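Here is a briefing on the model shown below.

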Amino acid sequence: MRKTIAVLFVLLLGTMFLAGCWNSRELRNLAIVVGIGIDKIPNSEQYRVSFQIVNPHGASEGKARGSSSGEAPHIVYTSVDYSIFSALRKTTQKVPRQLFFAHAQLLVIGEALAKEGIQELFDFYERSHELRLNTSVAIARGTSAESVLKVLTPLTTSDATAISSRLKITSEIWAHNVDQDISSIIKQLAGGGEPAISGVRIVDSNSTPTSNLELKGIALLSKGKLAGWMDGRTARGAVWALNQMKSTNVNLDCGEMKNGISIEVIRSSTKVRAHVVEGKPAFTIKVKEEGSLSEARCSIDPGSKEAMLKLQQQLADETKQEIELAVQAAQAKKSDSFNLWAELKRTQPKLWERIQKEWPDIFAGCEVKVEVEAFIRRTGMRGKTFTQPQD
Amino acid sequence: MFFNNSNRSRSTLDEHKGDTQAAQAPKQIAASLESNIAYIVQMLGDSPDIVIRRFEIGADKRQVAAIYTDGITDKQTVSQFILQSLMSDDSFDPAPGQSLLDYVLARTLAISEICAKSDWDGILLALLSGDTIIFIEGCTDALCGDTKGGEQRAVTEPSTQVVVRGPKEAFTESIGTNVALVRRKIKSPNIRLEAYKIGSITQTNVAIMYLEGKADPSCVKTIRDRIHRLSVETLEGSEHLEELLSDQRKTAFPTIMNTERPDMVTRNLLDGRITIFIDGTPFTLIAPFTFFKGLISAEDYYQRPESAFAVQALRYAALIIALFGPSIYIAAITFHQEMIPTPLLLSLASQRESVPFPAFLEAFLMEVTFEVIREAGIRMPRAIGQAVSIVGALVLGQAAVEAGIISSAMVIVVALTGISSFANPSYNLATTIRIIRFTMMVAAAIFGFYGIAIFSIFLIGHMCGLQSLGIPYMSIRYPYVPEEERYTLYGLRLGAGGTHAQGQAAPQSSEAPGKTTDGSDP
């Protein structure tokens with residue numbers, strides 16, 4: 001008897017560490033979903049949900065065993081229903097296999113839906129045991145999510161993986177976009193701020209099906225609704241303010257020559273401080289960055305201290321300007337995309353309690369100071385540029 | 001030889017013959033030469049390989065017969081030191097009161113090992129072991145002279161436990177040679193050798209050897225008691241004895257180790273283990289044996305400790321692969337697709353598109369195929385063996401993938417598992433692991449990783465319950481000598497730093513004096 005209990009106990013103990021699906025599913029009976037797109041049907045409460053499914057025949061990278069190479073690497077199935085889950089189940093009428101969501105890497109939200117609000121989309125993601133919260137999110141800019149998913153991209157098996165890997169790479173080394181996953185979006189929406197979501201658009205849409213996709217800008221949301229876009233330097237300012245800057249390239253003027261010098265930012269950290277000035281919240285964004293001289297198309301002497309100090313000042317000014325642009329853009333749309341609320345809640349919980357309700361309006365009016373410290377550490381593998389006479 | 005007439009030897013001949021011939025069988029030999037010869041001829045069924053040489057000795061022409069078994073005696077010794085010395089000496093001059101037998105024993109026979117016997121059991125056993133029996137008319141004792149010999153395999157290189165650097169000798173089928181090979185390496189007076197005869201029919205010579213002062217007396221006692229309790233008719237070899245002496249019968253794991261290398265025996269004796277020699281097999285048994293010892297190869301002692309440690313780590317990895325490889329593949333691909341990285345999953349999915357079998361069946365088919373090729377390869381003549389492995393690898397592997405019956409990932413998994421199981425230095429442990437692997441695959445196919453985890457828990461529980469001569473099977477280090485631990489790296493000697501506290505047993509091994517001070521688990 002005691003032995004039976006001991007055995008049962010061991011068996012049950014195992015379940016604690018081994019939670020998961022127990023059904024056995026053969027791989028060839030699964031339709032692997034890599035991307036999900038959600039659009040709103042105009043003038044209706046229904047969603048159009050698109051699933052991008054990898055076609056294992058087309059995606060086969062190994063030796064093709066008599067498979068027709070002409071097959072598309074991925075297929076998009078679409079269903080219309082009132083909830084995402086019912087649309088998902090409805091799709092089984094069209095797909096010959098069981099949909100498998102654990103590898104969904106991308107969620108694309110149609111621009112029309114984003115304008116109406118994205119808040120209600122994510123409950124299903126949190127509730128489902130199959131979907132992952134580390135899925136990257138992008139907003140289809142100027143188009144529908146379905147058409148983004150239907151684009152065939154070169155170099156990868158599916159454009160969902162293409163977009164998510166692009167998001168990861170470009171937000172790390174070019175920093176004009178952010179790679180937000182669902183869990184951080186939910187955190188923002190549940191807190192008080194707005195998530196910063198990158199946009200993706202179809203370039204060159206005439207030449208389908210081999211048209212291409214491009215990440216473009218960062219969405220500004222106001223109360224969960226798409227209010228506008230930040231692009232270029234403004235978008236980079238937003239990345240800086242969000243402390244997500246890993247590396248980028250800043251062009252600086254060099255004497256007479258506009259944008260004559262490129263500085264590669266190699267390290268950057270941002271700290272936000274919240275204060276209370278006359279009962280109203282105010283913020284200081286402090287940036288400390290390091291860069292190296294990566295390209296000089298004009299005469300500059302990396303050996304001279306004055307020149308380098310001047311360059312550092314230029315870099316700091318440029319950074320400050322970009323962050324200010326981003327803050328102004330966000331304040332204009334009453335969209336706290338920079339997590340400022342979180343810092344305020346942390347340091348002034350009582351004040352936050354009071355103003356929580358009208359935070360977007362207060363944010364629009366509060367004072368944000370930007371302080372930048374910039375250092376240029378290296379000048380590359382060369383001294384003066386070769387077009388300059390050596391003296 | 002020490003196996004000959006030792007009072008320690010355990011004769012069970014009585015029990016064997018007891019029922020059939022007890023009625024007419026005399027216990028002692030008679031004084032009449034003719035009746036003795038007639039008795040031997042009758043007992044051994046007039047066997048043609050029993051040679052009976054009659055002759056006369058001394059001035060009074062006393063009738064004498066020398067009897068030996070052809071083939072297992074050294075004929076030259078018989079003719080030179082028995083027949084010649086007895087027949088050439090005519091001036092027999094026994095002292096007053098000295099019997100002729102005593103005189104012959106003391107003065108005539110130039111045989112190093114000889115004794116007088118009067119019981120038939122002992123005489124027959126000696127005759128069938130290769131001794132020459134000398135009957136003298138009128139004497140109620142017979143002389144048994146050691147003339148064992150005949151054709152025997154020479155000491156050769158080990159064929160199953162090969163090392164790159166280290167001694168190149170292996171045990172032979174002769175127990176005497178084997179004991180001598182070990183004696184040559186340890187010249188310590190503390191070596192203890194105990195001889196037994198096991199099997200009422202085969203009367204197989206068995207000897208246990210240990211180092212007094214190092215070996216655990218309780219282990220020695222255990223093994224002695226178990227040998228005494230044995231009552232078998234035959235002993236077929238070391239595997240049989242291993243099974244008979246094991247602590248547990250209901251386990252797939254070997255709890256006694258075997259080796260054909262004298263240096264391994266030496267090392268284990270010095271570590272306090274007990275060696276069992278069995279006549280007729282080059283494989284000696286070593287006990288107590290712990291699981292982790294099974295992953296140590298003789299080679300480890302002939303390499304630098306650092307590299308030996310690295311290789312050992314590799315062997316542990318190979319053990320894990322050999323045990324879990326196909327099960328993890330089955331579990332991941334049929335239950336836990338979400339844990340496979342996306343690019344790998346896509347690649348696997350495209351490979352498995354055309355495979356008509358479930359993953360478990362696919363894995364099972366390939367594993368069985370591999371085992372068949374392995375099994376066939378063992379007994380195949382060397383020239384054909386090559387061809388079979390090529391056909392097996394190419395035709396079954398490549399063609400099955402090309403035909404879309406098996407996915408290429410499965411071939412990789414099976415090949416890796418197969419190779420890994422051969423990285424295990426102890427062959428019988430590797431076989432056990434292979435058997436368990438199939439059970440593990442079934443567990444994985446039914447319950448996924450949950451099944452693997454549960455089965456592993458039971459497996460480890462079972463292994464922890466095992467014992468070898470009363471020593472827990474899963475002991476990390478046996479025997480554990482704390483003060484020596486700092487000279488070792490995971491059980492391997494570091495430099496020549498160790499000085500042994502128990503100096504009594506320090507042998508003067510010419511081969512590697514430093515090594516003998518290492519008392520930790522090899």
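**Transmembrane annotation and domain layout**

In chain B, an unreviewed UniProt entry places the feature "transmembrane region" at residues 313-335, 405-423 and 435-460. UniProt positions follow the numbering used here, feature names are shortened, and annotations may be inferred rather than shown by experiment. This is a predicted model: local features need pLDDT of at least 70, side-chain atom pairs count only at pLDDT 80 or more, and totals for chains, interfaces and linings use all residues. Residues are numbered from 1 along each chain as its sequence is written, while chains are lettered from A and ligands numbered from 1 in the order in which they are written.

**Spans in chain B**
- Residues 313-335 of chain B are 96% helix and 0% strand, with end C-alpha atoms 30 Å apart.
- Residues 405-423 of chain B are 79% helix and 0% strand, and their end C-alpha atoms lie 29 Å apart.
- Helices (H or I, at least four residues) and strands (E, at least two) are DSSP runs, numbered from the N terminus.

**Domains of chain A**
- Chain A splits into domain 1 (27-58 + 70-230) and domain 2 (243-391), with bounds from an automatic or database domain assignment.
- Their centres, taken over C-alpha atoms, are 31 Å apart.
- Contacts (C-beta atoms, placed from the backbone, within 7 Å) link 18 residues of domain 1 of chain A with 19 residues of domain 2 of chain A.
- On the domain 1 side, α7 (159-173), β8 (212-222) and β9 (225-230) of chain A each give two or more residues.

**Confidence in chain A**
- Mean pLDDT (the predictor's confidence in each residue, from 0 to 100) is 85 for chain A, and 90% of its residues reach 70 or more.
- Residues 61-68 of chain A stay under 50 in pLDDT, and the model has 10 contacts beyond four places in sequence for them.

How values were computed. Two residues are in contact if their C-beta atoms, placed from the backbone, lie within 7 Å.
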